Amino acid sequence: MRPWLFVIPVLLSLAAAQPFRVTDATGREVEVRSTERIVSVGGSISEILDKFGLSERIVGRDTGSYIPASLLKKPDVGLFFRLNAEAILAQRPTLVLTVSEAGPPPVLAQLRQAGVSVVLVPDEPTPEGVKKKIRTIGAAVGQPARAEELVRALERDLLALRSKTQVRRGEPLRVLYIYPRDPRNTFVCGEEASGAGLITLAGALNAVKSLPGAGAVRGCVNLTAEAVVAARPEAIVVPFFPDQPFSFENILRLPGVAETPAGRNRRIVAMDVTYISGYGYTAGRAALELHQALYEKTGPVRLNHPAFNP
Amino acid sequence: MTPDPRQFQRRRQGLLLALALLLPASLLLGAASGAYYIPPLEIPRVLQQGLEGASVLLNLRFPRVLLAALVGGTLALSGAVLQGLLRTPLAEPGLVGLGLGAAFGAVLWLAFFPLAAWGLPLAAALGVLGVLGLLLRLVGEGEQPGVRLLLMGLLLGSVLSALIGFLQFRVGDPQGRSLTFWTLGSLGGASWELLALTAPLALLSGVLLLGQSRALNALTLGEEEAFHLGISVGALRWRALLLVALGVGAAVGAAGNIAFVGLLVPWLLRALGGADHRFVLPAAWLLGASLTVLADLAARTLFAPAELPVGLLTTLVGGPLFLYLFARGGWRG
C-alpha cells in the first residue's frame, strides 16, 4: 500500500470538520464549527436529528423532546419558552438547535455570547414550513443530501393524502381542536394554531373558523360552553402527552362537549402531541392518519407517533 | 346623626324587598342570554317542544346561572359573617387566606388525582378547615384577635399562593397552567353534577349562618356584653367559622376565587341599611347572588365566543370601587 493513501481519510475528516454555514429563521447567518455536542430544543427537531443518525450527539433536550425514547435519559433543559442559559451551557454544547419561538430571547443572546452556535429553526405549521425546517437542520449539521431524502418521503405522504382528499365527496367534517389543560375549561384553537393546522391539512374544517354571530376564533381561547355547542363539531381532535394520564371520558366531560354531535357519538381522535403539533418529518403521515381517523373510522381513536409507542 | 329607628326599619324592609326582586330578575336575564343565540321570547317554546338549543339551555345555561347565584350568595354571606365575627370590615374569605386554603386543597387534590374532578369541592372545604385550624392556633388568646387573625390570614395567604405556585411548577405543563383557574375564578365548568355537589354544603352553611344573626348582633356590642346577653362567644366563633369554611370551600371548589364579592357586598349593605345582621346577612346573600349572576353573564358574553375569568371582572370593577369608598373614609359603614 502506498503511504500517500493515508492522506485521503485525513482530508475527508478535515472536510467533515469544516464549519457549516446556515441561514436561520431570523435570516441570521450562523457558522456551525462543530456538531459534536448538540442541545435540541423542540420535539420535531429532535426526531429529525434522530433521522439524520445524530441522536447520540444530543447532550441536552427540552421537556417536549421524547422521540426517540433514548432522549428521555438525557438531561432536560426545560420548556422551550422558558429556557435557562446556565442549564444549557452546563451540557457544554457546540450547537444549540431551537424552534423559532424558543426563548426568552435574552437567553439565546447569552448562549451566543458564550460562543455557542445557536440556530433558530423555522417552524411554520405548513408542509412548506416542514420542508424548510428539515433543510435548515440538514444544513446546520452538514447533511443536505439526507435532508432531501426526508423531504421526498414527506412529499410522498402528502401525495397519498391528496389522492384521498381529492376523491372524497360531500361537505368537509366540522372538527373542534381542544387543547386539554383544565377540566373546567374547553380550551379551543383556531386553524392558525399549530396543532389545529393539521385538521385543515387533513381535509376537514375547523369548527370555530366561523361561528354564528361571533366571527372566527384566532389563536387559542377558553371557549364558553354555549359556543362549543354553537360550533356544531362532528368530531373532536385532541393532543395527548405520553407522560401524562389521558382519558376520552375527561374530554367528553369538558364544558359543552356532551351537547355536540361529536360528544354524543364519542367521535374523538387523540393524537400524540409531537405527532399532531410538532410538524416534523412525520407531518405528512400524521395528516394522512388523521384524515383516515376522521373519515374512515368511528368512535374514539388514539394515534401514536410511529416512532414512539409507549 | 341618628336616623329615626322606625324609618330606618322601613328602609331595610324596602331594601330587602328590592333585593328579593333583583335576584329573580338577574336569574331571568342570565338565563335569557348567552353565546348560543336563542331569542329570549322563544325560550319557553324551545323548551316546551324540545327544539334545537333546548339542551344548551337545560344542560349548560340554567345550571350555570344557578351555580353563579349559589356561589355569589355564599361568598357574600361568608364575608358578612366574618366581618361581624372579627369586627373588622376588611375581613373577607379571600383576604384571610380561606379562599387560597380552598384553592390549595383543590390543587393538592388535582396533583394526586388529576382525573377525579368530583372530589374538588370537598377537598377545597378541607383546605379551608385546615387553614382555619392553623390560623386559630396561631392567633391564640392575645389582644385584638380580629386584627391578628386578619394579618396572619394575609401572611398565610401569601404562603399558600407560593405553595400553589410550587405545586404548579412541580406538576408541570399542561396541568400546571390549568391551576390559574383557582386564582381567577370561573363558572365555565357548571353542570347539574357540580351544582349537586356544591349546593348541599353551600346551602347548609348558608341556612345555619343566617340563624346566627342575633348572636352576631350581640357580639357587635362587645364580647363582655355578648356574654351578659347569654351568648357563649367562644362557641359562637367556632360554630360560625366552621360554617364559613364549609360554604367558602364549596364555593371556591366549584368556581375558584371570585374576588371582592365577599368584601364589597356586605360593605355596601351596611352603608345603605346599617349594621343589623338580621338585615345584612340575608341581604348579602341576595345581593351577592344577583351581582355574581350578572358578572358571570358579562364574563361569558362580552367577548363571546371566548370567555373571561369572572374573578377578573369582579376585581376590575370591585377593586377600584372599594378603594374609592375606602379612601373616602366611610369604611366603618
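Analyst: A crossing is right-handed if the near helix is turned clockwise from the far one by less than a right angle, and left-handed if it is turned anticlockwise. The model shown here is predicted. In chain A, α5(A) passes α6(A) in a right-handed crossing.

User: At what angle do α5 and α6 of chain A pack, and how far apart are their axes?

Analyst: Two packed helices are described by the angle between their axes and the distance between the axes. For α5 (residues 127–140) and α6 (residues 144–167) of chain A, the angle is about 160° and the axes are 8 Å apart. Angles over 145 degrees count as roughly antiparallel, and α5(A) and α6(A) are therefore roughly antiparallel to each other. Among the residues that meet are Ile134(A) and Ile137(A) of α5(A), with Leu150(A) and Leu154(A) of α6(A). By class, this contact of α5(A) with α6(A) comprises 11 nonpolar, one polar and three charged residues.

User: Which handedness has the crossing of α9(B) and α12(B)?

Analyst: The crossing of α9(B) and α12(B) is left-handed. Helix α9 (residues 192–210) and helix α12 (residues 233–255) of chain B pack at about 155°, with axes 8 Å apart; α9(B) and α12(B) are therefore roughly antiparallel to each other. The contact of α9(B) with α12(B) has 12 nonpolar, five polar and no charged residues.

User: How many helices and strands does chain B have, and what is its radius of gyration?

Analyst: Chain B has 15 helices and zero strands. A compact globule of 333 residues would have a radius of gyration near 20 Å, and the 20 Å of chain B therefore agrees. Of the 333 residues in chain B, 48% are buried.

User: Where are the cis peptide bonds of Pro104(A) and Pro305(B)?

Analyst: Most peptide bonds are trans, and most residues other than glycine have a negative phi. A cis bond joins Gly103(A) to Pro104(A), with omega about 0°; Pro104(A) is in the loop between β5 and α4 of chain A. Another cis bond joins Ala304(B) to Pro305(B), with omega about 10°, and Pro305(B) lies in the loop between α14 and α15 of chain B.

User: Is Phe260(B), with its positive phi, buried or exposed?

Analyst: Phe260(B) has a phi of about 75° although it is not a glycine, and lies in the loop between α12 and α13 of chain B. A residue is buried if 20 or more other C-beta atoms lie within 10 Å of its own; Phe260(B) has 27, so it is buried. Arg266(A), with a positive phi of about 55°, has 15 C-beta neighbours inside 10 Å and therefore counts as partly exposed.

Conventions. Residues are numbered from 1 along each chain as its sequence is written. Chains are lettered from A and ligands numbered from 1 in the order in which they are written. This is a predicted model: local features need pLDDT of at least 70, side-chain atom pairs count only at pLDDT 80 or more; totals for chains, interfaces and linings use all residues. Axes are lines fitted to C-alpha atoms, for helices over the stretch in contact, and angles run from 0 to 180 degrees between N-to-C directions. Helices (H or I, at least four residues) and strands (E, at least two) are DSSP runs, numbered from the N terminus. Angles under 35 degrees count as roughly parallel, over 145 as roughly antiparallel, 65 to 115 as roughly perpendicular and the rest as oblique. Two residues are in contact if their C-beta atoms, placed from the backbone, lie within 7 Å. Ala, Val, Leu, Ile, Met, Phe, Trp, Tyr, Cys and Pro count as nonpolar, Asp, Glu, Lys and Arg as charged, and the others, Gly among them, as polar. The radius of gyration is taken over C-alpha atoms; the globule rule is 2.2 Å times the number of residues to the power 0.38. A residue is buried if 20 or more other C-beta atoms lie within 10 Å of its own, exposed if 12 or fewer, and partly exposed in between; C-beta atoms are placed from the backbone.
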